[in-house]
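Hi,

Here is the structure I promised to pass on to you.

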Amino acid sequence: MKPATSFLVIVLLLSVFTLAATPQANALGGYVLSASGTATVRLSNEEAHSGTHSVEMATVTDSDRAEIIFYVHEPLSSIDALSYWTFTVQAGNQERYRPWIAIYHHADPTVQTIEEWINDYMAGSPDVFYLQAEPMYAYPNGQFSGQLNAWEKWDAYDPEHPLRWLSLESPDLPYEAPTLQDYIDGSAVNYQTQSHGVQSFASREYGSLYVVAIKIRVGYGSEWGGFLGYVDDVTINGYVEEFRPPPTYSPEQIKAMKLARDVCREIDEAGKVDV
C-alpha cells in the first residue's frame, strides 16, 4: 500500500517535468500519449478489446512513467460514465498492479490546461484538486488477485466494484475510500468507512469543479519496473476511444485527393474574380 498524501505529491511534482510540454487534445476528439524515462507508450495491434488496436504501455525501471491523456472541460458532476479496459501481460513486481486513472480538476472554470493547473498547484493555490484510483483497491482488503493475459474492465460506476478514489485531502485508506459519486455530491466530506469510522476525504463537494484532464497511467511508484500492458475502449460519457490507427491511403488515393484539392483551389480562386 502506498502512503496516500506523499505518493500523490510525488506524482504531481513529476508531472511538472512530463506534462508541461504536452500537446492538447479534446476528450471528444482525441488523446495524447506521453512517456518519460525508458517507458514506452504506443498504438499496438498486439492486443485489442475491440477493433484492431489498443495502447501498449511498458516500463523498464521503477522510475518510468507512461500515460494516456484526455483533455476535458466539463464540471465533474457531468461525468456520469468513466471506464476503461486493461490487458496486463506483466505486472511488474506487484501482481495486482494495473493501469490506473487520475482526474485533474480546478475551481476556476477558466483554467483549461495542465500547465495552468500545475502552475497553480506549485503556487499553493487552494483551487486545485486531484483524484486518483487504482484498480486493485476496488476490491476490499486486498481481495483482488487479478488475472494476467485477460481483458479486465475498470469502471467508476460499477455496481459491485466501483473504483475507489483518493484525493490530496484524503487519509491513507485506499480500500475504504469513497466512490467518484461520493466526491461529486459531497458525501466524501464526512465518509463512513468500513473499519475506521467517519473520515474526511475532501473539504467540499467536487461536483462543481471543472475537469482539466483525465489520465490513464502506469508507473509513478515503486515496483512498477517491468510492466507490460494494454489499454482499450476508454469511455468518458458518450465518448469512447477505441484507439483506431490513423487511416492509410494508396498512392492512387493520395493522387486523387491532391487533384480534388487543386480543383477546389481553382474554383475558390475563380470565385474571387470580379465580373
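The side chains of Glu205 and Arg204 form a salt bridge, with 2.9 Å from N to O (the term asks for a side-chain nitrogen of Lys or Arg within 4 Å of a carboxyl oxygen of Asp or Glu). Glu205 is partly exposed at 29% relative accessibility, and Arg204 is partly exposed too, at 27%. For these labels, buried is under 20% relative accessible area, exposed is over 50% and partly exposed lies in between, using a 1.4 Å probe and protein chains only.

Before going further, please note that this is a predicted model, where local features need pLDDT of at least 70 and side-chain atom pairs count only at pLDDT 80 or more, while totals for chains, interfaces and linings use all residues. Residues are numbered from 1 along each chain as its sequence is written, and side-chain values use heavy atoms, with hydrogens and water left out.

The whole structure holds six salt bridges. One of them joins Arg217 to Glu67, with the closest N and O atoms 2.7 Å apart. Arg217 belongs to strand 12 and Glu67 to strand 4 (residues 65-71), so this pair ties together parts that are 150 residues apart in sequence. Helices (H or I, at least four residues) and strands (E, at least two) are DSSP runs, numbered from the N terminus. Arg217 and Glu67 are both buried. Another salt bridge links Arg244 and Glu242, at 2.9 Å between the closest N and O atoms; here Arg244 is exposed at 64% relative accessibility, and Glu242 is partly exposed at 26%.

Arg217 also lies over the face of Tyr220, 4.4 Å from the ring centre. The rule for a charge over a ring is NZ of Lys or CZ of Arg within 6 Å of the ring centre and within 35 degrees of the ring normal.

Now to the aromatic pairs. Rings of Phe, Tyr and Trp (its six-membered ring) pair if their centres lie within 6.5 Å; planes under 30 degrees apart count as stacked, over 60 as edge-to-face and the rest as tilted. The count by this rule is 17 aromatic pairs. In one of them, Tyr104 and Tyr130 have ring centres 5.1 Å apart and planes at 80°, so they are edge-to-face. Tyr104 is in strand 6 (residues 100-106) and Tyr130 in strand 7 (residues 128-133), so the pair ties together parts that are 26 residues apart in sequence. Both of these tyrosines, Tyr104 and Tyr130, are buried. Tyr191 and Phe201 are edge-to-face as well, at 5.8 Å centre to centre and 90° between the planes, and both Tyr191 and Phe201 are buried. Separately, Tyr31, Phe70, Tyr239 and Phe243 make up one aromatic cluster.

What is the strand order of the open six-stranded sheet? The order is 1-4-12-6-7-9, with antiparallel pairing (two strands pair if DSSP finds at least two bridges between them). Strand 1 (32-36) and strand 9 (166-167) are at the edges with a single partner strand each, so one side of each has no neighbour in the sheet. Strands 7 and 9 pair over two bridges, and Gln132 has Leu166 in strand 9 as its bridge partner.

Lastly, helix 2 (residues 114-122) has Ile114, Trp117, Ile118 and Tyr121 buried. Viewed down the axis, the buried residues of helix 2 fall within an arc of 95°, so they line one face of the helix; the arc is that of the directions from the helix axis to the C-beta atoms. Just after helix 2, Gly124 has a positive phi of about 80°.

Best wishes
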